[in-house]
Amino acid sequence: RLDVIRLLDKIGNDTWDILNGKLIKIKPDIEINVNAIAKGFGVDIISTLLKSIGYKNFMVEIGGEVFCSGLNHKGELWKIGVELPKFHSRTLDKVASLSNVAMATSGDYRNYYSYNGKNYSHTINPKSGIPIEHSLASVTVISNTCMSADGLATALLVMGTEQAINYIEKINLAECLLVERDENGQFRSFMSSGFGEYLIE
């Protein structure tokens, strides 16, 4: 625990800056990790390439992060599933109908560490330095770019349900679906005001 406390001094926006378009370290021993946006960024780069060579109808997916453009081969909006955050099985929860938007999900149920019968998320709360410990188990975000959806999904997962919904409604740039897991393994869903418009009943 002392090691974690020492590392907290090396975390945060005050450890780096952008000067003349270049990222600089204010504290020389910090490292930058872009895992929270890397897959989304990759999706956006490939989508931009496809658009630049004339493709209008396509779907790009990397590790569950997706951008849908135009229509599918049936001439319909793309249909993308959202799973329940179950640890040992895959269960479809909802289906979103998408076109010209991106969707990304972050959760505690695919990448985690088990110790003494307890699962620990791979998502670390930067304020405490330890894995997130609350009932919010997964966050799905729909946004204009996959990189923003990817990053927002991770950030909202750290925030917890109430703060996450309030933040999304405040910025008004994305929509989210939040799924909580209670101590009995039951699930409850919460959505931002515009997310339901994307769902297929």
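Ser-106 stands opposite Val-139 in strand 10, where strands (E, at least two residues) and helices (H or I, at least four) are DSSP runs numbered from the N terminus. This is a predicted model, in which local features need pLDDT of at least 70 and side-chain atom pairs count only at pLDDT 80 or more, while totals for chains, interfaces and linings use all residues. Residues are numbered from 1 along each chain as its sequence is written, and side-chain values use heavy atoms, with hydrogens and water left out.

**Strand 10 and its partners**

- Strand 7 (residues 101-107) runs antiparallel to strand 10 and is joined to it by six bridges, two strands being paired if DSSP finds at least two bridges between them.
- Strand 11 is likewise antiparallel to strand 10, with six bridges, and in strand 11 the bridge partner of Ser-138 is Val-179.
- Eight of the eight residues of strand 10 are buried, that is, under 20% relative accessible area with a 1.4 Å probe and protein chains only (exposed is over 50%, partly exposed in between).

**Around Val-141**

- Leaving aside neighbours within four places in sequence, Val-141 is in contact (heavy atoms within 4.5 Å) with residues including Ala-102, Met-103, Leu-152, Leu-156 and Cys-176.
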